[in-house]
Amino acid sequence: MAGIAVITESCIGVKDRACVDVCPVQCIYEFDPATNRLNSEQMAGSGTIENSHEAAADAIAIFADSMLYVNPDECTSCTACYQPDVCPVGAIYADDHIPDGSAGARYNADDPNRGHDHRFFLEQSRAVFAD
């Protein structure tokens with residue numbers, strides 16, 4: 001079985017949003033600092049909010065609105081967002097295949113952060129959703 005999607009550090013400052021368009025359950029969120037809410041759009045840039053959650057202040061303060069977040073409670077592990085042709089910076093991994101920075105770790109081809117331990121982002125994905 002495929003793992004839950006986790007967005008890692010390559011998304012910081014990029015937020016391409018192609019993953020939002022391929023997600024069938026709208027479980028990929030962007031933080032709105034004006035409302036302290038994590039919002040998921042039906043289509044990236046549409047402005048139509050599909051889902052919304054309160055952000056946990058301490059957790060969201062780490063990266064704030066510089067990256068996208070997957071709600072692990074809503075992700076169905078469909079694999080659509082972490083296909084090689086979706087994220088241009090290779091930021092999305094299955095939770096059971098997150099590279100740990102070791103010499104044998106496998107990274108997405110487009111991930112510029114090879115050698116980094118991405119496991120932090122699994123917990124961060126859970127922590128940012130307050131409700």
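The legends below describe close-up views of a predicted model.

**View 1. Four strands make up an open sheet.** The strand order is β4-β3-β2-β5, and the pairing is antiparallel. β4 and β5 (68–70) stand at the edges with a single partner strand each, so one side of each has no neighbour in the sheet. From one strand to the next, the twist averages 35°. Strands of a sheet pair through backbone hydrogen bonds, and the pairing may be parallel or antiparallel.

**View 2. Strand β3 (residues 37–41) is joined to β4 by five bridges.** The two strands run antiparallel. Two of the residue pairs can be picked out here. Leu38 has His53 of β4 as its bridge partner, and Arg37 has Glu54 of β4. Strand β3 is mostly covered, with four of its five residues buried. In a regular strand the side chains alternate between the two faces of the sheet.

**View 3. A hairpin links β2 and β3.** Four residues lie between the strands of this hairpin, and Asn36 takes a positive phi near 55°. β2 and β3 pair in the antiparallel sense over three bridges. The bridge partner of Phe31 in β3 is Leu38. Leu38 also has a bridge partner in β4, namely His53.

**View 4. Ala55 sits in the loop between β4 (49–54) and α2 (57–63).** Is Ala55 buried or exposed? Ala55 has a relative accessible area of 2% and is therefore buried. Apart from residues up to four places away in sequence, Ala55 touches Phe31, Asn36, Arg37, Leu38, Ile60, Val128 and Ala130. Asn36 is the hairpin residue with a positive phi near 55°, and Phe31 and Leu38 are bridge partners. Between Ala55 and Arg37 there are 18 residues of separation in sequence, while their C-alpha atoms are 5.3 Å apart in space.

**View 5. The largest nonpolar core has 37 residues.** The residues with the most contacts inside this core are Ile7, Cys19, Ile28, Leu38, Tyr69 and Ile92. At least two core residues come from each of β1, α1 (18–22), β2 (28–32), α2, β5 and β6 (92–94).

**View 6. Ile7 belongs to strand β1 (residues 5–7).** Its relative accessible area is 2%, so Ile7 is buried. Which residues does Ile7 contact, leaving aside neighbours within four places in sequence? They are Ile28, Met67, Leu68, Tyr69, Val70, Ala91, Ile92 and Phe121. Three residues on that list, Ile28, Tyr69 and Ile92, are also among those with the most contacts inside the largest nonpolar core. Asn51 is 44 residues from Ile7 in sequence, and the two C-alpha atoms are 18 Å apart.

**View 7. Ile92 has contacts with residues from several parts of the sequence, including Ala5, Cys19 and Asn108.** Ile7 and Cys19 are, like Ile92, among the residues with the most contacts inside the largest nonpolar core.

**View 8. Ser125 lies in helix α3 (residues 120–127).** Ser125 counts as buried because its relative accessibility is 6%. A polar atom of the Ser125 side chain lies 2.9 Å from the backbone oxygen of Phe121. Phe121 is also one of the residues in contact with Ile7. Ser125 touches Val6, Val70 and Pro72 when residues up to four places away in sequence are not counted.

**View 9. Ser77 is placed in the loop between β5 and β6.** Its relative accessibility is 12%, so Ser77 counts as buried. The side chain of Ser77 reaches the backbone nitrogen of Ile4 at 3.5 Å.

View 10. Cys23 is in no disulfide, and its nearest cysteine sulfur, that of Cys27, is 3.7 Å away. A disulfide is a covalent bond between the sulfur atoms of two cysteines. Cys23 counts as buried at 8% relative accessibility, and Cys75 is buried with a relative accessible area of 15%.

Note on methods
Residues are numbered from 1 along each chain as its sequence is written. This is a predicted model: local features need pLDDT of at least 70, side-chain atom pairs count only at pLDDT 80 or more; totals for chains, interfaces and linings use all residues. Side-chain values use heavy atoms; hydrogens and water are left out. Buried means under 20% relative accessible area, exposed over 50%, partly exposed in between (1.4 Å probe, protein chains only). Contact means heavy atoms within 4.5 Å. A polar contact is a pair of N or O atoms within 3.5 Å; within protein, one must be able to donate a hydrogen and the other to accept it, and residues adjacent in sequence count only if both atoms are side-chain atoms. Two strands pair if DSSP finds at least two bridges between them. Axes are lines fitted to C-alpha atoms, for helices over the stretch in contact, and angles run from 0 to 180 degrees between N-to-C directions. A nonpolar core is a set of buried Ala, Val, Leu, Ile, Met, Phe, Trp, Tyr and Cys residues joined through side-chain atoms within 4.5 Å. A disulfide is a pair of cysteine sulfur atoms within 2.5 Å.
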